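Please open the structure in your viewer and keep the selection tool at hand. The tour below moves from one selection to the next and says what is found at each stop.

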Amino acid sequence: MKKIMILLFVSLFSFSVNSNAKSITLGWAAWDPANALQELTKEFTAETGIEVNFEFVPWPNFADRMLNELNNKGKTFDLLIGDSQWIGAGAVYGHYVKLNDFFDKEGISMSDFSPATVYAYSTWPKGSKNYYALPAMGDALAWAYRKDWFDRPELKSEFKKKHGYDLGVPANWNQLHDMCKFFQGREIDGQKRYGAAINTERGSEGITMGVTAAMYAWGMEYENPNKPYDMEGYFNSPQAVEAVEFYRKLYEDCAPPGHSDAYMVANLDAYKSGQVAFQMNWYAFWPGVSKEDSDGRVSGFFANPKQNVAAATLGGQGISVVKYSDKQDLALEYIKWFARPDVQQKWWDLGGYSCHNDVLNSPSFPTSTVYAQGFLDSMGIVKDFWQEPTFVELMLPMQEAIHDYVVNGKGTAKEALDKIIEEWVEVFEADGKL
Amino acid sequence: MSVKKKFKGLSDKAVGWLFIGPTVLLLLAINIYPLVYAIKMSFTNFYANKIGREPQFVGLKNYIKVLNKEAIWEKMQVTASFMFWTLLLQAIIGLGLALLLNRKFKGNELLTTLIVLPMMLSPAVVGVFWTYLYNPQVGLFNYVVNFFYDLGSFDMIGSSTLAPWAIVIVDTWMWTPFTMLICLAGLRSVPNYLYEAAEVDRASKWQQFIYITLPSVLPFLLLALLFRGIENFKMFDMVVELTSGGPGSATELASINLKREAFEKWKTGYSSAFAVILFVTIFGFGNVYVKVMNKIKER
């Protein structure tokens, strides 16, 4: 009996050691692309024998959970697919492993990936040759619309009569507003419909990601290009003010009732339930929307409309190795595998957004899905929020001030932007940047 | 071995310390130490997320900054208004329900059980399902209001005028049963002979309520309001789930703002000062309140 017990103990112990040695944990947000990655990763496990455990955190808690983990030097994650804005903190505070030597050794070249994604997801300081992540999931804010409603002859003629141009993909934000307002409160198939489900969420980053889609299109710059962190006259320029005013108008005139604290899932739900003609959302959600519309009659997709300039809010993430991981070698092996062009092609086929040039430049890519061309267009015009190590401190005042103005109707757009600058100056001063 | 034998040779004082020792140690570790540490941090420019950056002593700078910040006073006003209305409504409705349930009628026990159900729910869950109830398109709240008076579609949590009332209503719905239970305990402790004597003296029901019921139940009611006041001063979860502090900052209570400063912006020194100010405020109010309550009891 004693021998059996010892044998059992030894085998259990060796199993546990073995399973620990050959497994890694990857952290990401809980959304459709994460499921696609889980599916893709089965091939990695089959090839290498390394098990990959996943921890997917819902978006509203994603930043809190992951940044707390990093700040506490936690070992829960070996790999992290972190938001583009985290790259500064990841590099400066030493949370992420610098990947340059590994890339050189394994022959992984950043020139094989789309330049915009390398700049946004991998480098710190921005545009330098210091890489802290491999571009994993390209993304930008875009729009989906109810093509089936747009195709109805009676609606088309009524719209043309009213506005003098065709109901279709809006060429600019003014047209977008016209179209949204056209559908606001309209009865279609016996149900009351509304204009657009736009980002209004207060708690994390929602309304900022939404309003910046307009601000970028109006030509807003965060700072003086010749004098970093000098924001006066740039972030609160007349164009930026106009864009924020326009976003409020869009919310007041076109959002469905109760859409005052909405982001990704709420926008998606409003659209899928047939409440709205338009939804603002990330490309990451389009495979799901498209899957339910196999003949492409219901939904159409388009890149963020231009106003003064063509621009779109950047989303997406890079994959990084966590500095506090005890299994960095296994995590790096995963990155090496993930960077392979054949794996990147499968990633796109499964619903992930590859940033690899072999995939994006393939002649068949623009027609591979109904939103592929829009994705290509968007990735050429993306702009991101501050990627500073202090990005959360910078995000929160903007969330509050913009929500206060757009949803709460308090003050003016100029006052909201001035207030944000005031808070940002304080953050940059505390960080020694000013 | 008997307890007596086991502790043989130890003085009463030593046995006393043996019993309370673990509790005192726990209290020191998880209450007193963090409090002292927070006070220490409040005099520094510490940022918990800036690894490797040593905190520097900044004196009273954080306190001055907190007290001079207009936004902080706005949050304090929101908190004060939330506390005032929730405590007032919970006192009136809670006492009313207690008076009702103090009577003997069929189904009394079942009704009591149903009334106390909301306070057994998790505040986060309450916050989430009230967001659905308040939904202007499909929510039951709009439907019920419009059933009695046609207001059309209105957004309780998207309007800066209505959102503060939205959180007051939910908190009142959830915690009135608590006030009711404490008041009910008070009502059941009033000896019957007082009412019998009052009947003999031909006192009206109103006079019996004013001169017997209310003075007897008042200390209980005040105790319930003390508990609720302390709880609502640090209210967080339900409001975060319901409104996230919005729209804008219309329902951003002091505790929500403190959490954002401390664990999202990571301004550890500054938020420690803010936390100390909140602690002193509630501690001071609590003490004054208890003294007033004791005086009322002595009367």
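Begin by selecting helix α2 (residues 12-41) of chain B together with helix α13 (residues 268-298) of chain B, whose axes come within 7 Å and cross at roughly 120°. That angle makes α2(B) oblique to α13(B), where angles under 35 degrees count as roughly parallel, over 145 as roughly antiparallel, 65 to 115 as roughly perpendicular and the rest as oblique. The axes are lines fitted to C-alpha atoms, for helices over the stretch in contact, and the angles run from 0 to 180 degrees between N-to-C directions. Helices themselves are DSSP runs (H or I, at least four residues), numbered from the N terminus.

Before going on, note that this is a predicted model, in which local features need pLDDT of at least 70 and side-chain atom pairs count only at pLDDT 80 or more, while totals for chains, interfaces and linings use all residues. Residues are numbered from 1 along each chain as its sequence is written, and chains are lettered from A and ligands numbered from 1 in the order in which they are written.

The crossing of α2(B) and α13(B) is left-handed, a word used if the near helix is turned anticlockwise from the far one by less than a right angle, with right-handed used if clockwise. Now show the residues that meet: A38(B), I39(B) and M41(B) from α2(B), and T268(B), G269(B), S272(B), A275(B) and V276(B) from α13(B). Two residues are in contact if their C-beta atoms, placed from the backbone, lie within 7 Å. In this contact of α2(B) with α13(B) there are five nonpolar, three polar and no charged residues; Ala, Val, Leu, Ile, Met, Phe, Trp, Tyr, Cys and Pro count as nonpolar, Asp, Glu, Lys and Arg as charged, and the others, Gly among them, as polar.

On the α3(B) side, look for N62(B), Y63(B), K65(B) and V66(B), and on the α13(B) side for G269(B), Y270(B), A273(B), F274(B) and I277(B).

**A loop residue in chain B**

Next select W266(B), which is placed in the loop between α12 (254-263) and α13 of chain B. Is W266(B) buried or exposed? W266(B) is buried, because 20 other C-beta atoms lie within 10 Å, and the cut-offs are 20 or more for buried, 12 or fewer for exposed, and partly exposed in between. Leaving aside neighbours within four places in sequence, W266(B) is in contact with Y47(B), A48(B) and N49(B).

**Across to chain A**

Move to T412(A), in the loop between α18 and α19 (413-430) of chain A, which is exposed, with 12 other C-beta atoms within 10 Å.

Then colour chain A by its domain assignment, which gives domain 1 (23-138 + 316-375) and domain 2 (141-313 + 390-430), with bounds that come from an automatic or database domain assignment. The C-alpha centres of these two domains of chain A lie 28 Å apart.

Finally, show both chains: their contact takes 20 residues from chain A and 21 residues from chain B. Helix α18 (residues 391-406) of chain A gives the most to the chain A side, with six residues.

Methods
Helices (H or I, at least four residues) and strands (E, at least two) are DSSP runs, numbered from the N terminus.
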